[in-house]
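Biologist: Could you take me through this structure? I would like to start with how its parts meet.

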Number of protein chains: 2
Amino acid sequence: MAKDIFHDAVKSALEKDGWLITHDPYAFELGEVSFRIDLGAERVIAAEKNDEKIAVEIKTFLAQSDTDSFHKAIGQYFNYLVALEEREPNRELYLAVPKTTFDDFFQRPFVQKALKRMNTKVIVYEPFNEIIEKWIKL
Amino acid sequence: MAKDIFHDAVKSALEKDGWLITHDPYAFELGEVSFRIDLGAERVIAAEKNDEKIAVEIKTFLAQSDTDSFHKAIGQYFNYLVALEEREPNRELYLAVPKTTFDDFFQRPFVQKALKRMNTKVIVYEPFNEIIEKWIKL
């Protein structure tokens, strides 16, 4: 499955970047709803006492139309933000998108506007080299 | 297709409620993205000079898990809100959901919280009698 290949690519890319994968998936129940965010990861920052913690929802943008994939991605991002705020407010939420999607569809004016309005944090990944290209706060 | 049956049920229910269906679908382009909201409708209010205008995204909650359907629904609602604000700010956006979904899944604490946070407007419909049960601003 291409989806699993991309999942493993992001996982491996995060590990190369110094992150420890702590949850695969990061699953929990809140307010009678089950959540299942693709990955949870941590990184120790030498200069600080606290670990940096993230939750990552991995999108492939392979199926359907990009617009349909984007509707679902932004909905997951919103719901996960609301849930994490209650469950673990110091864990930062990222949407991981492949470089090809980021360079094209994500540059369209409406998509940029919606991402900014939601204060979306984005990880741009290169699925074949298994590297994180960019960390972006839109 | 059950989806089409529900679409026609909501359309017919709105008509019974005095609405004129003006768009089916309400489709437009904005910021290099194509939007396709299920219905556009208008109603003349005798007491006012202006028509009341709505756009309605119809959800069936028949496929996948309710949670997955909700992620996509809230994402569409967010993107459509952002788009309508620019394109036609006086058209109100509604999410139409079947009564069985509203009475069960939509009552769960997390779902209520997310709907309120998004200021979601909801139409509760009864697909078999083809009637609008409730108009709700959450």
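Predicted model: local features only at pLDDT ≥ 70, side-chain atom pairs only at ≥ 80, totals over all residues.

Biologist: At what angle do α2 of chain A and α4 of chain B cross?

Modeller: The axes of α2(A), residues 66-87, and α4(B), residues 109-117, cross at roughly 115° and come within 10 Å. That makes the two helices roughly perpendicular (65 to 115 degrees; under 35 is roughly parallel, over 145 roughly antiparallel, the rest oblique). Axes are lines fitted to C-alpha atoms, for helices over the stretch in contact, with angles from 0 to 180 degrees between N-to-C directions. Helices (H or I, at least four residues) and strands (E, at least two) are DSSP runs numbered from the N terminus.

Biologist: Which residues of α2(A) and α4(B) meet there?

Modeller: From α2(A), Phe78(A), Asn79(A), Val82(A), Ala83(A), Glu85(A) and Glu86(A) meet Phe110(B), Lys113(B), Ala114(B) and Arg117(B) of α4(B). Contact means heavy atoms within 4.5 Å.

Biologist: And Leu84(A), is it buried or exposed?

Modeller: Leu84(A), which is in helix α2 of chain A, counts as buried at 3% relative accessibility (buried is under 20% relative accessible area, exposed over 50%, partly exposed in between, with a 1.4 Å probe and protein chains only). Leaving aside neighbours within four places in sequence, its contacts include Tyr26(A), Phe28(A), Ile37(A) and Ala55(A). Leu84(A) and Ala55(A) are 29 residues apart in sequence and 9.1 Å apart in space, C-alpha to C-alpha.

Biologist: What covers the buried residues of α4(A)?

Modeller: The cover includes α2 of chain A, together with β2, β3 and α2 of chain B. The buried residues of α4(A) are Phe110(A), Val111(A), Gln112(A), Ala114(A) and Leu115(A).

Biologist: Changing topic, how many aromatic pairs are there?

Modeller: There are 28 aromatic pairs over all chains. Rings of Phe, Tyr and Trp (its six-membered ring) pair if their centres lie within 6.5 Å; planes under 30 degrees apart are stacked, over 60 edge-to-face and the rest tilted. Tyr94(B) and Trp135(B) form an edge-to-face pair, 5.0 Å centre to centre with 90° between the planes. The pair links strand β6 to strand β8 of chain B, across 41 residues. Tyr94(B) is buried, at 5% relative accessible area, whereas Trp135(B) is partly exposed, at 32%.

Biologist: Which residues do ring pairs link into a cluster?

Modeller: The cluster consists of Tyr26(A), Phe28(A), Phe35(A), Tyr80(A) and Phe110(B).

Biologist: Finally, where is the cis peptide bond of chain A?

Modeller: The peptide bond from Asp24(A) to Pro25(A) is cis, with omega near 5°. In chain B, a cis bond joins Asp24(B) and Pro25(B), with omega about 5°. Most peptide bonds are trans, and most residues other than glycine have a negative phi.

Biologist: What is the phi of Phe61(A)?

Modeller: Phe61(A) is not a glycine, yet its phi is positive, about 50°. Phe61(A) lies in the loop between β5 and α2 of chain A and is buried, at 9% relative accessibility. In chain B, Phe61(B) has a positive phi near 55°.

Note on methods:
Residues numbered from 1 in each chain as written. Chains lettered and ligands numbered in written order. Heavy atoms only, no water.
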